[in-house]
Amino acid sequence: MSVAQQLDSLVQSPLAAARLQRKLTVDETARRAGILPEQVEWLEAGRVYRFPTPDAALLAVVLYATSLGIERDEARALAGLPIEARPERHSRHRIASAIGGVLLLAALAVALLGGFGGDAKKDESKTLPPTWKLNVDVLNGGGDIYYTRALASKIGALGYKIKRVARANRFDYRETAVFFEPGGEAYGARLAKQLCVTARPLPGGANPRRLVVIAGPPRIGC
């Protein structure tokens, strides 16, 4: 990773900031955490859709944070939570604090992954194929690559196969939408419902199990 990429990660990623504060390289952190260097880079760049499953991404975040020795207060700060006063040193309080630390690491993992993972709805119609049989291209149509990557991570957490994340033909799309090829109306409608966006037809194509999501401006909530 170049110096420019490291500086960009420092600004964009709480994990990268914590790593650089400890003066650790990507390779050193990977060895400590027992994960691959490219997985460290994926986490710091927000490219969690690269992991095979949401559980694998969450586990990698926990291993990463643990390898850096991130403690309770720092974990709360990285997760955007207020830092609470420490309890008195009593055995019962220490046990509660230890349990809280584990829960905070989980909260940190969810926060760093944008809250995606485990939210896949299981009440879809039995007539539709499982999501992992559908391919999805995620295109940056609003100019914000970080939002586009986060959206791709959310779609991957729902079980879809992310084929590529790239830029759209322009950056002036006003809203995020799911586009489907002829015959893919039901598949597009399902993903659009999961993302709380609209579904629209593509003018052509021959693969109904291919969907295209064009990310517009960032939005908060469903």
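Let's start with Leu-134, which counts as buried because its relative accessibility is 0% (buried means under 20% relative accessible area, exposed over 50%, and partly exposed in between, using a 1.4 Å probe and protein chains only). This is a predicted model, where local features need pLDDT of at least 70 and side-chain atom pairs count only at pLDDT 80 or more, while totals for chains, interfaces and linings use all residues. Residues are numbered from 1 along each chain as its sequence is written, and side-chain values use heavy atoms, with hydrogens and water left out.

**Around Leu-134**

- You'll find Leu-134 in the loop between helix H7 (91-112) and strand E1; helices (H or I, at least four residues) and strands (E, at least two) are DSSP runs, numbered from the N terminus.
- Leaving out neighbours within four places in sequence, Leu-134 is in contact with Pro-129, Tyr-160, Lys-161, Tyr-187, Arg-190, Arg-209 and Leu-211, where contact means heavy atoms within 4.5 Å.
- Leu-134 and Asn-207 sit 73 residues apart in sequence, and their C-alpha atoms are 9.9 Å apart in space.

**The nonpolar cores**

- A nonpolar core is a set of buried Ala, Val, Leu, Ile, Met, Phe, Trp, Tyr and Cys residues joined through side-chain atoms within 4.5 Å.
- The largest one has 21 residues, and those touching the most other members are Val-136, Ile-155, Tyr-160, Leu-191, Leu-195, Leu-211 and Val-213.
- Two or more residues of this core come from each of strand E1 (135-140), helix H8 (145-157), strand E3 (177-180), helix H9 (185-195) and strand E5 (210-215).
- Another core, of 20 residues, lies apart from that one, and its members include Trp-42, Ala-60, Ala-65 and Ile-70.
- Take Ile-155: not counting residues up to four places away in sequence, Ile-155 touches Val-136, Val-138, Tyr-160, Ile-162, Leu-191, Leu-195 and Val-213.
- Ala-65 belongs to helix H5 (residues 54-67) and is buried, with a relative accessible area of 1%.
- From Ala-65 to Leu-15 is 7.5 Å, C-alpha to C-alpha, although the two are 50 residues apart in sequence.

**How H8 meets H9**

- The axes of H8 and H9 come within 11 Å and cross at roughly 115°; axes are lines fitted to C-alpha atoms, for helices over the stretch in contact, and angles run from 0 to 180 degrees between N-to-C directions.
- On the H8 side, Leu-151, Lys-154 and Ile-155 meet Leu-191, Gln-194 and Leu-195 of H9.

**Asn-140, a buried residue in a strand**

- Asn-140 is part of strand E1 and counts as buried because its relative accessibility is 5%.
- Its side chain makes a polar contact with the side chain of Thr-148 at 3.4 Å; a polar contact is a pair of N or O atoms within 3.5 Å, and within protein one must be able to donate a hydrogen and the other to accept it, with residues adjacent in sequence counting only if both atoms are side-chain atoms.
- A polar atom of the Asn-140 side chain also lies 3.3 Å from the backbone nitrogen of Gly-142.

- Most residues other than glycine have a negative phi.
- Lys-23 isn't a glycine, yet its phi is positive, about 55°.
- Lys-23 lies in the loop between helix H2 (14-21) and helix H3 (26-33), and at 74% relative accessibility it counts as exposed.
- Cys-196 has a positive phi too, near 60°.
- Cys-196 is in the loop between H9 and strand E4 (198-201), and at 27% relative accessibility it counts as partly exposed.
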